[in-house]
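Colleague: I am new to this structure. Please take me through the terms one by one.

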Amino acid sequence: MTKTIWNFLQYAVIDTQSDENSGVTPSTDKQHNLAKLLVRQLEEMGADEITYDKECCYVYASVPASAGCEGVPVLGFIAHMDTSPAVTGAGVKPRIVEQYDGQDIVLNEEKNIVLRTADFPEIKKLKGQDLIITDGTTLLGADDKAGVAEIMAMAEYLLTHPEIKHGKLRLGFTPDEEIGEGTDHFNVELFGADFAFTVDGGELGELENETFNAAGAKLIVHGRSVHPGSAKGKMINAVLVAQEFQSLLPVFQNPMYTEGYEGFFHLDSISGNVEKTTAEYIIRDHDKSLFEEKKALFVKCAQFLNLKYGEGTVEAIVADSYYNMKEVLAPYGHLMENAAAALKELGAEPKVNPIRGGTDGARLSYMGLPCPNLCTGGANYHSRFEYACVQSMEKVTELLIKLAVKYGSPL
């Protein structure tokens with residue numbers, strides 16, 4: 001078993017699920033459990049300039065430049081330690097399916113949980129390779145512990161192979177990326193890289209230099225509860241008003257119906273009763289003008305319902321989360337070019353796609369650290385059907401090593 005996979009299997013069983021409702025950083029104390037392990041491993045492998053932000057749960061470290069390479073730009077690699085709140089990350093039981101046969105995979109026979117090729121046909125491309133899966137009761141955590149494992153394996157390899165020439169490398173591991181707060185306390189100045197890559201993508205070959213423009217939105221409906229026997233003309237059912245609000249949004253601007261550059265409104269959660277109902281949305285679009293139109297429509301729908309049911313019935317709160325990083329990355333074309341060249345050298349076909357989501361790199365790019373995104377070899381993120389390909393993860397570690405070497409000489 002390679003160090004990449006050994007690392008990942010260790011990290012996957014540590015519950016680091018973040019919590020969007022906690023209001024603190026890190027959003028869950030358990031993220032420190034992985035951070036402390038990484039610090040210990042970095043110390044054992046001989047990494048330099050190790051900094052552990054014990055309050056906010058960030059880990060930084062360096063792989064020193066090879067002799068003669070001290071003057072080249074400093075390259076960074078970043079991954080996040082937390083996993084999504086969408087599916088539990090407690091009690092993860094990873095196992096390896098060797099030489100996958102291309103058929104359905106029974107994750108959990110007792111609970112009849114099956115990863116079906118009819119639902120996820122892209123998995124068939126990995127026939128003959130080894131897959132890491134779970135027992136179907138949790139997510140796997142390849143998003144982004146695969147990236148963490150690959151960066152750590154790359155760092156250890158370079159530290160134990162001084163004959164490989166490279167410039168100074170900076171490593172960064174963040175909390176709370178899954179709830180949009182991964183860079184809230186990231187110290188760009190301390191990190192000290194000229195540019196970086198997040199290692200937080202999907203299947204082998206994926207390269208990404210643009211994200212959605214993103215906003216979080218909350219709908220609060222204030223109803224009026226009256227006994228249903230005498231409710232005519234008096235009751236305002238907040239649950240039904242929230243339902244009516246959803247019906248006002250464009251039906252096909254929904255994640256279920258969109259792909260590529262198409263944006264959406266996503267109803268992420270809803271709870272409440274007749275008296276009060278709250279709905280949480282996310283709003284996404286790659287195009288900035290369409291993004292602004294979507295936010296305006298969200299507010300306009302609320303205003304319409306206030307005209308219908310009375311002012312103050314509906315509150316719409318919209319807050320931007322991050323912006324498309326493509327414009328900021330435009331002057332740094334060498335990052336994508338070198339990544340694509342390195343992938344081809346490894347026999348993998350580069351696939352440049354827009355990210356239908358976000359990464360720490362989107363906000364970091366606007367914070368002065370140009371930061372496109374690399375693949376990890378995982379798939380089906382935020383799901384009990386998540387999996388990672390062993391051979392792809394090992395290739396990604398090789399990709400990081402190749403990039404370190406490419407930036408070991410002046411641009």
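The talk below covers an annotated site, a helix and the nonpolar cores.

Modeller: This is a predicted model, where local features need pLDDT of at least 70, side-chain atom pairs count only at pLDDT 80 or more, and totals for chains, interfaces and linings use all residues. Residues are numbered from 1 along each chain as its sequence is written, and side-chain values use heavy atoms, with hydrogens and water left out.

Colleague: Which residues does UniProt list for "active site"?

Modeller: The unreviewed UniProt entry lists Asp82 and Glu177. Such annotations may be inferred rather than shown by experiment.

Colleague: What makes them one spot?

Modeller: They span 96 residues in sequence, yet no two of their C-alpha atoms are more than 6.7 Å apart, so they gather at one spot. Asp82 sits in the loop between strand 3 (75-80) and strand 4 (95-97). Glu177 sits in the loop between strand 8 (169-174) and helix 4 (188-191). Helices (H or I, at least four residues) and strands (E, at least two) are DSSP runs, numbered from the N terminus.

Colleague: Why is Asp82 called buried?

Modeller: Buried means under 20% relative accessible area, exposed over 50%, partly exposed in between (1.4 Å probe, protein chains only). Asp82 has 0% relative accessibility, so Asp82 counts as buried. Glu177, at 10%, counts as buried too.

Colleague: What joins the side chains of Asp82 and Ser18?

Modeller: A polar contact of 2.9 Å. The term needs a pair of N or O atoms within 3.5 Å; within protein, one must be able to donate a hydrogen and the other to accept it, and residues adjacent in sequence count only if both atoms are side-chain atoms.

Colleague: How do you know that the buried residues of helix 5 line one face?

Modeller: In helix 5 (residues 238-248), Ala238, Val241, Ala242, Glu244 and Phe245 are buried. Seen down the helix 5 axis, they fall within an arc of 155 degrees, so they line one face. The arc is that of the directions from the helix axis to the C-beta atoms. Exposed Gln243 and Ser247 are on the face turned away from the buried side.

Colleague: What makes a set of residues a nonpolar core?

Modeller: Its members are buried Ala, Val, Leu, Ile, Met, Phe, Trp, Tyr and Cys residues joined through side-chain atoms within 4.5 Å. The largest such core has 62 residues. Its largest share, nine residues, comes from helix 3 (residues 142-159). A second, separate core of 20 residues includes Phe245, which is among the buried residues of helix 5.
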